[in-house]
Amino acid sequence: MRRLAARRKRRRQLARRELLRIDGKPVAVTVRLNPRARRMIVKVHPSTGEVSVVTPSRHGLNHALDFARSERDWIAKRLEHVPPQVALGFGARIPFRGELHVIRKGEKGRAPVWIERDGEERIIRVCGETEHVPRRVLDFLKREARKQLDARVVHYSGLLEIKPRRITVRDTASRWGSCSTGRSLSFSWRLILAPGFVLDYVVAHEVAHLREMNHGARFWRLVGEMIADVDKPQLWLNQHGSALHRYAPRVVE
């Protein structure tokens with residue numbers, strides 16, 4: 001518990017939020033310390049509009065907001081192109097396993113959330129009051145993501161006759177999956193929004209890292225043994241992956 005609390009404290013020290021006024025509106029700016037960064041830089045997430053400043057030194061933390069302020073015009077232009085965010089309420093259309101579904105009210109007595117079809121329309125039914133819908137849908141998506149990710153990790157790690165030490169599912173901003181040197185796998189729950197072949201590829205990619213902690217020839221050979229077409233999911237993520245962050249916008253702590 002002490003180690004966990006210490007890690008959380010360090011994360012808070014390495015990242016903080018400030019408010020910057022752009023075009024008369026307050027915009028949250030996340031300031032992050034990254035010693036590997038070569039210089040201070042401002043970023044605007046193309047799908048969520050999250051504004052961040054990355055600085056390579058602690059000294060830069062004190063000047064990060066001033067740096068962002070000097071880039072206000074650039075930030076404003078980028079924010080103009082950010083698509084509207086999609087809240088998980090009744091009537092919203094969201095992808096689930098690569099296919100658009102509309103969120104509609106369900107009758108009491110069944111599960112809190114379930115999937116059904118009405119002709120050509122795919123529906124996510126949700127019971128309960130309107131104010132509870134976003135949380136129930138998000139919980140459902142995360143449960144489905146955990147179920148699918150666990151199953152595919154078992155499948156692909158079985159092919160390589162290797163087991164991860166742990167599997168976690170989070171809401172990461174920049175990675176769909178990762179593998180630590182301690183043999184722990186981590187994935188974004190948003191993969192459940194993508195087509196199945198994309199989720200499969202990300203899982204196989206990270207499972208291959210359990211054998212090869214690099215992107216060398218042997219690593220890609222392992223991935224190729226598990227996934228017949230690597231180019232298709234890579235292309236899909238390059239073209240559509242960023243848009244998955246529009247749905248249930250990530251909360252920056």
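A residue is termed buried when its relative accessible area is under 20%, exposed when that area is over 50%, and partly exposed in between. The legends below apply these terms to a predicted model.

**Figure 1. Leu33 in strand 2 of the predicted model.** Leu33 belongs to strand 2. Its relative accessible area is 14%, which lies under the 20% cut-off, and Leu33 is therefore classed as buried. The view also includes His59, which is 26 residues away from Leu33 along the chain. The C-alpha atoms of Leu33 and His59 are separated by 9.7 Å.

**Figure 2. The chain as a whole, as context for the close-up views.** The chain comprises 8 helices and 11 strands. Its C-alpha atoms fill a box of roughly 50 × 50 × 40 Å, taken along the principal axes. Of the 253 residues in the chain, 42% are buried. Among contacts between residues at least 6 apart in sequence, 48% join residues at least 24 apart.

**Figure 3. Lining of the second largest pocket.** The volume of this pocket is about 350 Å³. The pocket is lined by 20 residues, of which Val27, Thr48, Gly49, Val51 and Leu79 are the closest to its centre. Strand 1 (15-22), strand 2 (25-33) and helix 4 (72-80) are the elements that each give two or more residues to the lining. Strand 2 provides the largest share, with 4 residues. By residue class, the lining consists of 9 nonpolar, 5 polar and 6 charged residues.

**Figure 4. The loop between strand 1 and strand 2, with Asp23.** Asp23 is located in the loop that lies between these two strands. The phi angle of Asp23 is positive, near 55 degrees, and the residue is not a glycine. Most residues other than glycine have a negative phi. Asp23 has a relative accessible area of 69%, which is over 50%, so this residue is classed as exposed.

**Figure 5. The loop between strand 5 and strand 6, with Arg97.** Arg97 is found in the loop between strand 5 (93-96) and strand 6. Although Arg97 is not a glycine, its phi is positive, at about 55 degrees. The relative accessible area of Arg97 is 34%; because this value falls between 20% and 50%, the residue is classed as partly exposed.

Figure 6. Strand 6 (residues 99-105) and strand 8 (residues 121-126) run parallel and are joined by 4 bridges. In this view, Lys105 has Val126 of strand 8 as its bridge partner. Arg117 stands opposite Arg122 of strand 8. The hairpin formed by strand 7 and strand 8 has 2 residues between the strands. Within this hairpin, Gly119 adopts a positive phi near 70 degrees.

Figure 7. The structure holds 0 disulfides. A disulfide is a covalent bond between the sulfur atoms of two cysteines. Cys127 has a relative accessible area of 7%, under the 20% cut-off, and is therefore buried. Cys179 is likewise classed as buried, because its relative accessible area of 14% is under 20%.

Technical notes: Residues are numbered from 1 along each chain as its sequence is written. This is a predicted model: local features need pLDDT of at least 70, side-chain atom pairs count only at pLDDT 80 or more; totals for chains, interfaces and linings use all residues. Side-chain values use heavy atoms; hydrogens and water are left out. On a 1 Å grid over the protein atoms alone, a cavity is a set of points where a 1.4 Å probe fits but cannot get out, and a pocket is an open set with protein on both sides within 12 Å along at least five of seven lines; lining residues have an atom within 4 Å of a point. Grid points are joined across faces, edges and corners, and a volume is the space filled by probe spheres set on the points. Ala, Val, Leu, Ile, Met, Phe, Trp, Tyr, Cys and Pro count as nonpolar, Asp, Glu, Lys and Arg as charged, and the others, Gly among them, as polar. Two strands pair if DSSP finds at least two bridges between them. A disulfide is a pair of cysteine sulfur atoms within 2.5 Å. Buried means under 20% relative accessible area, exposed over 50%, partly exposed in between (1.4 Å probe, protein chains only). Contact means heavy atoms within 4.5 Å.
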